Structures are given as structure tokens and as C-alpha cells.
Amino acid sequence: MPYPRAVIFDLDNTLHSLIAARLTAISTVAAWLNDATGDLPYLFLHNDKPTMVEDVLTRYLTDTDNLAALTASGWLYHTLERSCITPFPSIPDLLTELHQNSVRLAVITNSDPREAHLRLELLGLSAYFETVVTPETFGIKKPDPAVYQKTLDLLGVSAADTIMIGDRLDRDVTPAREAGMRAVHAAYGTFEKGEPGAAPSPKDLRKILLSQ
């Protein structure tokens with residue numbers, strides 16, 4: 001079976017479950033704060049910007065007259081989140097196989113550079129990727145199709161020879177296709193309904209990648 005010339009991955013909820021890490025962290029912080037009502041996880045899940053955990057903690061602790069616990073709560077959350085960041089099963093094996101067969105590997109993420117590189121280090125996957133594209137790389141971010149074209153140019157590969165894998169149809173799959181790439185929906189990392197041909201689990205990626 002022929003390997004693609006290049007494969008580009010989204011980071012969060014494609015290489016690992018950031019959703020699971022965050023839910024574990026915020027649920028543990030809630031238990032530490034004796035949140036028997038579940039208000040803190042509820043606020044976290046319904047926040048427009050869930051990455052801004054300090055905003056959620058500030059709101060919750062202000063409402064419960066416990067703002068003095070903000071610093072400790074924030075430290076505990078981030079420590080727990082990072083300790084829970086592990087790759088999806090079969091992802092390291094897939095990356096090893098692709099790397100050994102000279103497939104060019106890259107990441108495109110909307111995370112800030114520091115967090116993106118930290119997560120890849122925590123995942124033990126940094127060495128596989130020759131480039132990590134963040135919003136600061138080109139001054140644009142997903143879902144702008146231009147970020148995909150610029151990444152192809154950076155890798156020196158064509159869209160026809162490249163596959164994009166990501167959990168978001170709107171940010172990863174559709175714009176990659178608009179740039180002329182084949183794209184695989186990583187349905188295992190999202191609550192979205194998987195489109196036809198989506199990968200229902202990480203172990204299905206290999207078969208899908210080598211199917212054409």
C-alpha cells in the first residue's frame with residue numbers, strides 16, 4: 001500500500017483527548033473545593049472559551065465567596081490537566097510507521113505556541129513532527145484555507161500528496177479540502193457526528209490513510 005507524501009495532524013482531540021484531560025482536571029478541582037452541586041464543571045463546559053479556566057474559577061469562587069482559593073485552584077487545575085495528557089492508543093505506532101516510511105509530518109493547531117509545544121512534549125511526540133504551525137507562524141489560523149496552503153509550501157509538498165487529519169469538520173476537514181487536500185475526520189475525538197468515511201477510533205486511521 002502506498003504511503004502519502006505528507007500527513008498533517010490537528011493537535012488537540014486528534015493526537016490526544018484534551019476534552020478528557022480538562023474534564024478530569026476540573027472535576028477534581030471541583031471535588032477539592034467541595035462543589036457538591038456540580039456548578040464548577042457546568043460553568044466550565046458552558047464557557048465560550050474553555051481554555052480560560054481562570055475566568056471560570058474566578059466567577060465560581062466569587063459566587064461562593066472563596067476567591068482566596070483562586071491561585072491554588074488554578075495551579076491544581078493546570079497540574080492535573082497536564083498530567084492527564086496522553087496520546088490516543090495507536091497514535092505513537094502510527095507516527096512511527098509513517099516516519100519510518102519517510103512521510104513528512106506536521107501539526108496545524110490554533111493553540112498558542114507555548115501550549116502546543118508543551119503538549120507535544122508531554123505526549124512524547126515532538127520528534128515526529130518537522131513543523132508545528134500555530135496562529136503565530138503565518139499570522140492566520142484555522143479555518144482559513146491559506147494556513148493549509150502555506151503549510152504545504154513550507155513542507156515543499158503538493159496538496160494532492162497530502163492528507164489532513166482533524167476532529168473538527170469546520171476547522172480541519174472542510175478548509176483542508178478547500179486547499180485541495182484529502183482530509184480525514186477524526187470522529188473519535190469529538191462529540192460531532194462523524195461524516196461518511198470518518199475514523200471512529202484512532203486505530204482506524206492507518207487503514208484510512210493507506211486506502212487511496
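Residues are numbered from 1 along each chain as its sequence is written, and side-chain values use heavy atoms, with hydrogens and water left out. Because the model is predicted, local features need pLDDT of at least 70 and side-chain atom pairs count only at pLDDT 80 or more, while totals for chains, interfaces and linings use all residues.

**View 1. S111 sits in the loop between β2 (104-108) and α6 (113-123).** Helices (H or I, at least four residues) and strands (E, at least two) are DSSP runs, numbered from the N terminus. S111 counts as buried because its relative accessibility is 13%; buried means under 20% relative accessible area, exposed over 50%, partly exposed in between (1.4 Å probe, protein chains only). Its side chain makes a polar contact with the side chain of R119 (3.2 Å). A polar contact is a pair of N or O atoms within 3.5 Å; within protein, one must be able to donate a hydrogen and the other to accept it, and residues adjacent in sequence count only if both atoms are side-chain atoms. Leaving out residues up to four places away in sequence, S111 touches D12, A116, R119, T134 and P135 (contact: heavy atoms within 4.5 Å).

**View 2. Helix α4 (residues 70-83) has a buried face.** Its 14 residues should span 20 Å at 1.5 Å a residue, and the end C-alpha atoms are 20 Å apart, which agrees. The expected span is 1.5 Å times one less than the number of residues. Buried here are S73, G74, L76, Y77, L80 and E81. Seen down the axis of α4, these buried residues fall within an arc of 165°, so they line one face; the arc is that of the directions from the helix axis to the C-beta atoms. They pack against α1 (18-32), α2 (39-45), α3 (53-63) and α6. Exposed T71, W75 and S83 lie on the face turned away from the buried side.

**View 3. β4, α9 and β5 form a right-handed β-α-β unit.** Right-handed means that, with the strands pointing away from the viewer, the path from the first strand over the helix to the second runs clockwise. β4 and β5 run parallel, joined by 4 bridges (strands pair if DSSP finds at least two bridges between them). I163 has R182 in β5 as its bridge partner. In α9 (residues 169-178), D172, V173, P175 and A176 are buried. The buried residues of α9 pack against α8 (145-155), β4 (162-166) and β5 (182-185). Just after α9, G180 takes a positive phi of about 95°.

**View 4. K203 lies in the loop between β5 and α10 (205-209).** K203 is exposed, with a relative accessible area of 66%. The C-alpha atoms of K203 and Q149 are separated by 28 Å.
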